[in-house]
Structures are given as structure tokens and as C-alpha cells.
Amino acid sequence: MLVNQLLLALPESEFQRLAPHLEEVSLSLGQVLYEAGENIKHVYFPNRAMVSLIAVLEDGSTTEVGMVGSNGVVGYPAFLGGDLTTTRTIVQVAGTAMKIDAKILKREFYRGGVLQRQLLLYTQALLTQISQTAACNRHHSLEARLARWLLTAQDHTASDTIQVTQEFIAELLGTRRSGVTVAAGLLQQAGIIRYSRGRITILNRLALEATACECYGFIRKEFDRLLNEEQK
């Protein structure tokens, strides 16, 4: 089922040019779509899946710098002309995506129209997310960052339940697993989430929003502003 907002925003004529080349694929938890420095051969438009852009340092340490869900696209360097990805791109919430050959999407992008505009606006929003995430990781508490991450995951997947381990969250947030255990424990004790066997359920979204730092609201507003431009 197609729920990707970028594709749904296209006029019928533009979508029909892409449709024969779109393939719905299943993305599994932990699946690596690209490694850093890899040539991008396919681009993905997530439906209910969520994908992380991971910065990897020489010592192997990792930090998530971006999240892509049903409002976005994975593989933006392909249509911007860069061709190579600078991050490891990994599926953090399993689901489906629409897959397309990067060369075909690039060809359609250079035709102009709504597709080009939507992809450029999305890229601007993603860059805002990446820069704000860098500031967030430096200045905000782990509990607030975890709350931000969970809210974003819920937005992208349209589900109150997220299948993810504390170890994986620690890798994404660039911290120790013990710190995530403490932060998740505080949220659970407050009745905001329930965590059991690699599954987190959000019980009280309003309380989670109150716990999150201002970065969540700032990033969401910017996505809403930019991706609704075409309808104004």
C-alpha cells in the first residue's frame, strides 16, 4: 500500500511516469541499504518503514544523524548529482518502501515539475533535521533525546508500538546502553512508555512531548512548513 507522502503529492501525470519503475519491497529490521561511500544504485520511498542515516567514525562508534519515514526519501545524493552516500543507511523499523532505479529518478528529477520541487524541499527539511540533531546530541539530556526519538518514530510509522532494542537505540543516540536503560526506566516509571522484550509502546504521547526537548517540535514544524508549500 502506497502511503509515502512525497509520491502521493505528485500530480497524476508525474506519478504515472514513475509508476512503471516503482517496486514495493519489504525492509527488515537492521537491513543495511547503503554503506558510507557506496554508489547509490536505488532510491527508496518508505511507506511504514523507518530508516536511519548513521555517521560512522574510524573507531567504529556510531551516531544517528537523520531519520527518514513515510514523508521522505532515502538516497537523496543520487538526484542531487553526488551519487555517493556519506552515511551508513540502516532500517530501524521494518516495513515496506517503494524502490526505484536511481538513474530513472534522476532523469525524472531533471524534468522539473512537482517532483523536483518536492524532493528539493524535502532535502532542505532533512538538512534542518541533521543540523538540529547535532545540536541536540551535544546539549540535551539523554531522557529528552530518547523522547524526541520515540516521538519521531511514532510519526514516521503511525504506530504506538516500536520494535527496537535498547542496544540499538544506544548506537543511534551515540551513548551507552546503560544510559538508555536508565532513561527508558524513568519514562516507564512515569507511565509514559512500556518496554518489554525489545518492544516499546507509547502510552502517553502528551507526556512524552513534554519530556522531549524543543528539537522535536522545531524539526516537525519545519517539515510541515516545507512539505506543505506545494499545496499553498
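Student: Why is Cys215 called buried?

Tutor: Buried means a relative accessible area under 20%, exposed means over 50%, and partly exposed is in between, with a 1.4 Å probe and protein chains only. Cys215 has a relative accessible area of 1%, so it is buried. Before we go on: this is a predicted model, where local features need pLDDT of at least 70 and side-chain atom pairs count only at pLDDT 80 or more, while totals for chains, interfaces and linings use all residues. Residues are numbered from 1 along each chain as its sequence is written, and side-chain values use heavy atoms, leaving out hydrogens and water.

Student: What makes Cys136 count as buried?

Tutor: Cys136 has 0% relative accessibility, so it counts as buried.

Student: What makes α7 largely enclosed by the rest of the structure?

Tutor: Helices are DSSP runs of H or I with at least four residues, strands are runs of E with at least two, and both are numbered from the N terminus. In α7, 6 of the 8 residues are buried, so the helix is largely enclosed. These buried residues are Gln166, Phe168, Ile169, Ala170, Leu172 and Leu173.

Student: Which strands does α7 lie across?

Tutor: Helix α7 (residues 166-173) lies across β4, β5 and β6, at about 95° to β5. Helix α6 (residues 142-157) lies across β4, β5 and β6 too, at about 35° to β5. Axes here are lines fitted to C-alpha atoms, for helices over the stretch in contact, and angles between N-to-C directions run from 0 to 180 degrees.

Student: What makes β2 and β5 edge strands?

Tutor: Strands pair if DSSP finds at least two bridges between them. The sheet is open, with 4 strands in the order β2-β6-β4-β5 and antiparallel pairing. Strands β2 (32-34) and β5 (62-68) each pair on one side only, and that makes them the edges. Neighbouring strands of this sheet are turned by 35° against each other on average, ignoring direction.

Student: Why are the buried residues of α4 said to be on the same side?

Tutor: In α4 (residues 102-109), the buried ones are Ala102, Ile104, Leu105, Glu108 and Phe109. They cover an arc of only 160° around the axis, so they are on the same side of α4. The arc is taken from the directions from the helix axis to the C-beta atoms.

Student: What does Leu105 touch, apart from its neighbours within four places in sequence?

Tutor: With contact meaning heavy atoms within 4.5 Å, Leu105 meets Leu18, Val43, Phe45, Phe79, Ile100, Leu115 and Leu119.

Student: Which residues have the most contacts inside the largest nonpolar core?

Tutor: A nonpolar core is a set of buried Ala, Val, Leu, Ile, Met, Phe, Trp, Tyr and Cys residues joined through side-chain atoms within 4.5 Å. The largest one has 42 residues, and those with the most contacts inside it are Leu27, Val43, Phe45, Leu105 and Leu119. Helix α5 (residues 113-139) gives the largest share of this core, 7 residues. A second, separate core has 30 residues, including Ile54 and Tyr216.
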